[in-house]
Amino acid sequence: MKVAVIGTGYVGITTGVTLAYIGHQVTCVDVDLKKLALLRSGKAHIYEPGLEELMHLSRERLKFTDAYAEAVPDADVIFVAVGTPSAPDGSPDLRYVQAAAEGIGQHLNSKFTVIVNKSTVPIGSGNWVESLVQSAYEAKNGKKAKGNFAVASNPEFLREGSAIYDSLYPDRIVVGAEREEALETLYNLYRPLIEQSFPEPAFQPRPNAMKAVPLISADLASAELIKYAANAFLSVKISFINEIAALAERVGADVTQIARGIGLDSRIGPRFLQAGIGWGGSCFGKDTAALVSTAKEYGLSMPIVQAAREVNYRQRERIVEKLQRELKILKGRTIGLLGLAFKPNTDDLRDSPALDIAQRLIKQGVKVRVHDPIALKQAREQNPDLAVEYCESVMDLAEDADAVVLVTDWAVYRDLDWEGMARVMKKPLVVDGRNFLDKRRLEKAGFQHVGVGTGTNPQLVTAEG
């Protein structure tokens, strides 16, 4: 099929490259000329393992342009994959979706086209996008588009750092539409994924147990809500174990043992039960806020989802409290943060716990140093006014530091020269915000190791004093 993808952000570029790899002709549209130049050269503008390799394998079926006229008229399927950032009230900002819908409407021709909301959009957005496309088409052509397009929803469930794997070997594919033609078109589009009939790339082999992928067909509103419900549930699960971790610290229990004990229950499962600093990134915070905002529009409250949000952001304060408990006075201290990206294997800094913690420490009079194996350049460019010292090496970060905080569980941090770091630090204290490090090794190296929910049973000291 001929496919157009509007927007080459995280979701757009991953979607476009995957569809090109499984055999479709894909044209990606973006207004950012610098980004387009990079993509045309075969380079990705985001860090995602396997993405550039898949781009290389798909290059003959992949085009990049800033012109709707080059992508929309001949397309069988058009994906809207633009950003939907949170507005101040928590509702999603839909200006980019509106611009995309109007651009599509101005360039549609008479052939039947399925317009797919890939961006995470509020319930009811399918109808709204349809009206925008219709109005733009009518303004351009002086007549209504009679049945030559249909709007569908196809939410993504990608994990940053594992997006290529998730795209090629998904748990499920969800499509929502009111017209049978649209559902049939999307089934044919995704058939190679559903049947797993495409050749596996050498760098990302097919799982041994991988069989047919379930296709969930739904109405528009249900498909839109599935995405929000999935992310909200995972957010609640993470915040739940972090709430248990706080109690574990008070009673002298170990949350890692508790998580294992409940995770082996098949009704619960072990995933997303890792206590720590909590979630960040572009999805959970934005989508839970949008869910709460949407419910409010319909006269409903979402107390469980709201509580998950409050618990999550409280975890960042708890890291500062742990430092204050151990160091007593924070003003004038030097503290290093290991990791800036919100999770490993990405350079995404959106809603980064590390940047939030850095700002809280700076307000306490702390000299903050930061390190990240991938996201350091991004952090410098995106936060020019953040008063931190960017360190190219972990040893520079540790020199005369009073403490280090493991914020992002990059694999390289587990195997650092912790013995050497202990020798150059003023106080060999590590706050392990992900319960990720080898506690025995660190203690043997001379470190005091402080985890999250690991039974220190402290007297609580607040960050305010």
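**Notebook: salt bridges, cysteines, a helix pair**

I count a salt bridge when a side-chain nitrogen of Lys or Arg is within 4 Å of a carboxyl oxygen of Asp or Glu. Lys-377 is exposed, at 57% relative accessible area. My classes are buried under 20%, exposed over 50%, partly exposed in between (1.4 Å probe, protein chains only).

The model is predicted: local features need pLDDT of at least 70, side-chain atom pairs pLDDT 80 or more, while totals for chains, interfaces and linings use all residues. Residues are numbered from 1 along each chain as its sequence is written, and side-chain values use heavy atoms, without hydrogens and water.

I looked up the total: 25 salt bridges. Arg-191 and Glu-195 form one of them, at 3.4 Å, N to O. Both lie in helix α8 (residues 180-195), four residues apart. Arg-191 is partly exposed at 33%, and Glu-195 is partly exposed at 42%. Arg-325 and Glu-326 form another, at 3.3 Å, N to O. Here Arg-325 is buried at 13%, whereas Glu-326 is partly exposed at 22%.

Next, the cysteines. I found zero disulfides, taking a disulfide as a pair of cysteine sulfur atoms within 2.5 Å. For Cys-283, the nearest cysteine sulfur is that of Cys-28, 19 Å away. Cys-283 is partly exposed at 22%. Cys-391 is buried at 2%.

Note on methods:
Helices (H or I, at least four residues) and strands (E, at least two) are DSSP runs, numbered from the N terminus.
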